[in-house]
Amino acid sequence: MSLPQLLLRFPRYLRALGPPHRRWWTPSLTTIFSVGFCRGQSSKSPAYWNQVVSEAEKIVGYPTSFMSLRCLLSDELSNIAIQVRKLVGTRHPLLTTARGFVQDSRGNLQLRGLVVLLISKAAGPSNVNAPCQDYDMVTGIYSCQRSLAEITELIHTALLVHRGIVNLNELQSSDGPLKDMHFGNKIAILSGDFLLANACNGLALLQNTKVVELLASALRDLVQGVYHENSTSAKENCITNDIGISAWKEQTFLSHGALLAKSCQAAMELAKHDAEVQDMAFQYGKHMAMSHKINSDLQPFIKEKTSDCTTFNLNSAPVVLHQELLGRDLWIKQIGEAQEKERLDYAKLRETIKAGKGVTSAIDLCRYHGNKALEALESFPPSEARSALENIVFAVTRFS
């Protein structure tokens, strides 16, 4: 399937599936990296993560948080922003998504674009002349690689916007008027499509067929991954799904790892690096993204302060590992014991899972993928950019 066809079908896939639960949304980076150990010990603070990102941004030349300003400040999106303002006072999730793009007080930085730029600089120029001759001797990054980083962020942002579409058939009276949700859905579809169209145009301007194929396949993987997530979470009996950690890793790579992994590989292709270097870049992006997701899944179980009403994904890494280690029958029994008046008591279930080995096994799995990412970096020469990529992994995988 071609990239334009994927772009046209992407929002329709999401509309058909209905919105994912909020636990599927990508959290802010301060939430992801403010990690404590599973027994409440303190870990890296938001200030530490902000320092890691700040140092990395100095290496690549400018803050990646502003990479997409050409698109975000365009007349077309400005008109959409005016319409989004009409949603103020409603409970449509698009407002939360838009607020996260504008407010960066908690360090909600664009990680994917930053990683693409860092690994581009870490690899440096190849011995073969790259098609894009505009090589910045100061930052050590080709102009086409910067464009690729921006395209990666546009695709990810479009995904977040489209995932803010509300399933109107599941609305409750507390969600507000139907007309507000219906209008919000229209804006979410329009703005997400606009971002994807800009990404498609940017890919065409790179004039590299292999890069277009890589990013198109990443978009296909995203759609497939979101389909699996939504079809699972939409079922009434999703708590009884028997998913093993192997299947979980396959689905997680599609929905959370493919875009970063293939963008890193594409950055190497733009500089005409050989297949071995491209594969190592792919492996770093893949395993770093997997560590990132597992760290996110661990947050409800390792935070020092967690509200009793806080829900968590029953198909997250700690829960899947807990179920796999415990056994199917005992897991169903624990689910039944945590039910009160046909509603699941997440606080009680969380304590049950923390008492098992699922959380510690998830931490081990996070560190495993972190180590695999570090192994991939050994193929790159020592440099500031490589050190910054290593520090990002350290920030994800340190829990004590």
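A: Lys-272 is placed in the loop between helix 11 (245–270) and helix 12 (275–302), where helices are DSSP runs of H or I with at least four residues, numbered from the N terminus. Its phi is positive, about 60°, although Lys-272 is not a glycine, and at 30% relative accessibility the residue counts as partly exposed, that is, between buried (under 20% relative accessible area) and exposed (over 50%), with a 1.4 Å probe and protein chains only. This is a predicted model, in which local features need pLDDT of at least 70 and side-chain atom pairs count only at pLDDT 80 or more, while totals for chains, interfaces and linings use all residues. Residues are numbered from 1 along each chain as its sequence is written, and side-chain values use heavy atoms, with hydrogens and water left out.

A positive phi, near 55°, is also found at Gln-207, again a residue other than glycine; Gln-207 lies in the loop between helix 9 (178–206) and helix 10 (209–233) and, at 73% relative accessibility, counts as exposed.

Turning to aromatic rings, Phe-312 and Tyr-346 form an edge-to-face pair, 5.2 Å centre to centre with 85° between the planes; rings of Phe, Tyr and Trp (its six-membered ring) pair if their centres lie within 6.5 Å, and planes over 60 degrees apart count as edge-to-face. Phe-312 lies in the loop between helix 12 and helix 13 (317–326) and Tyr-346 in helix 15 (residues 346–355), so the pair ties together parts that are 34 residues apart in sequence. Both Phe-312 and Tyr-346 are buried, and together with Phe-301 they form one aromatic cluster.

Technical notes:
Helix = DSSP H or I, 4+ residues; strand = E, 2+ residues; numbered from the N terminus. Phe/Tyr/Trp six-rings, centres within 6.5 Å; stacked < 30°, edge-to-face > 60°.
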